[in-house]
Amino acid sequence: MKQKIENFAEEKLGNEVAAGIDHLRRDFKIAKKLAELENIDYDEEILHAACFLHDLFDESEEEHNIVAARIAGEFLPSIDFPSEKIEQVQEAIKEHLPSGKPKSKEAILLHDADLIDFLGATGIVRLSIGAWDWMEKSSLKEFISVFEKFRKDCYENLVLDKSKELSEKKIKFMDLAIKELNEELGEI
Ligand SMILES: [Fe+2]
Ligand SMILES: [Fe+2]
């Protein structure tokens, strides 16, 4: 079951880098780590499916969390995923954005893991790709505002205390990167 879900995600995401299959693997790993640190008892099938299907997209104009929830709702029955859990997978996917309001344990774990993966050195690399690819920014100065926005939105919206703890070092690195970049670009 798990392999089928991961294969489907990998195939759908193609050569996507900033939100590709390795991002999904990191989210799942971070989410499980958070559950361990917070002593959260979660449903492994729901968390795994939500982590691996949360960033799928198609040609539609809708927000990607809505698209991904729809794709998950179409795909999961085809592999006989437990039907009673599909709605919870979709709910977690829908609420994974910084502005999301995750309620279930699995939704909170995915939400925080996904925000953490936008922070630190990984965040700087992913956001650099995202600023250019998703947000069509064309200068490094514009990248700085993207870093600042995600640094603020992702950190401030973390739900779990352990998520904030895990992010401390990443935030320090990000602040330094932003400061250095500002200085270097200011010199030119
Ligand atoms: Fe996403
Ligand atoms: Fe994501």
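Where is the place of E136? In this predicted model, E136 sits in the loop between α7 (120-133) and α8 (140-156). Its phi is near 55 degrees, a positive value in a residue other than glycine. E136 is exposed, because 8 other C-beta atoms lie within 10 Å, and a residue counts as exposed at 12 or fewer.

D80 is not a glycine, yet its phi is about 60 degrees. D80 is located in the loop between α4 and α5. D80 has 9 C-beta neighbours inside 10 Å and therefore counts as exposed.

The overall fold was examined next. The chain contains nine helices and zero strands. Along the sequence, the pattern reads α-α-α-α-α-α-α-α-α. The radius of gyration is 17 Å, close to the 16 Å that the globule rule gives for 188 residues, so the chain is as compact as a globular protein of that length. Taken along the principal axes, the C-alpha atoms fill a box of roughly 60 × 40 × 25 Å. Of the 188 residues, 38% are buried. Contacts with a separation of 6 or more were also considered. Residues 24 or more positions apart account for 63% of them.

In soluble globular proteins, nonpolar side chains tend to be buried together. In this chain, the largest nonpolar core holds 44 residues. The members that touch the most others are A31, A49, A50, L53, A72, V89 and L110. V89 gives a detailed view of this core. Leaving out residues up to four places away in sequence, V89 touches I46, A49, A50, L53, A72 and L76.

Helix α4 covers residues 64-75. It has twelve residues. From its first C-alpha to its last, α4 reaches 16 Å, close to the 16 Å expected at 1.5 Å a residue. The buried residues of α4 are N65, A68, A69, I71 and A72. Seen down the axis of α4, these residues fall within an arc of 165 degrees, so they line one face of the helix. An α-helix has 3.6 residues a turn, so residues three or four places apart point the same way. The cover over the buried residues of α4 includes α3 (44-53) and α5 (83-94). A72 is one of the buried residues of α4, and A72 is also among the residues touched by V89.

E74 belongs to helix α4 too. Is E74 buried or exposed? E74 counts as exposed, because it has 8 C-beta neighbours inside 10 Å. E74 and E44 are 30 residues apart in sequence. In space, their C-alpha atoms are 20 Å apart.

Helix α9 spans residues 161-187 and has 27 residues. From its first C-alpha to its last, α9 reaches 39 Å, close to the 39 Å expected at 1.5 Å a residue. In α9, the residues S163, L166, S167, K170 and M174 are buried.

Key
Residues are numbered from 1 along each chain as its sequence is written. Chains are lettered from A and ligands numbered from 1 in the order in which they are written. This is a predicted model: local features need pLDDT of at least 70, side-chain atom pairs count only at pLDDT 80 or more; totals for chains, interfaces and linings use all residues. A nonpolar core is a set of buried Ala, Val, Leu, Ile, Met, Phe, Trp, Tyr and Cys residues joined through C-beta atoms within 7 Å. A residue is buried if 20 or more other C-beta atoms lie within 10 Å of its own, exposed if 12 or fewer, and partly exposed in between; C-beta atoms are placed from the backbone. Two residues are in contact if their C-beta atoms, placed from the backbone, lie within 7 Å. Helices (H or I, at least four residues) and strands (E, at least two) are DSSP runs, numbered from the N terminus. The expected span of a helix is 1.5 Å times one less than its number of residues. The arc is that of the directions from the helix axis to the C-beta atoms. The radius of gyration is taken over C-alpha atoms; the globule rule is 2.2 Å times the number of residues to the power 0.38.
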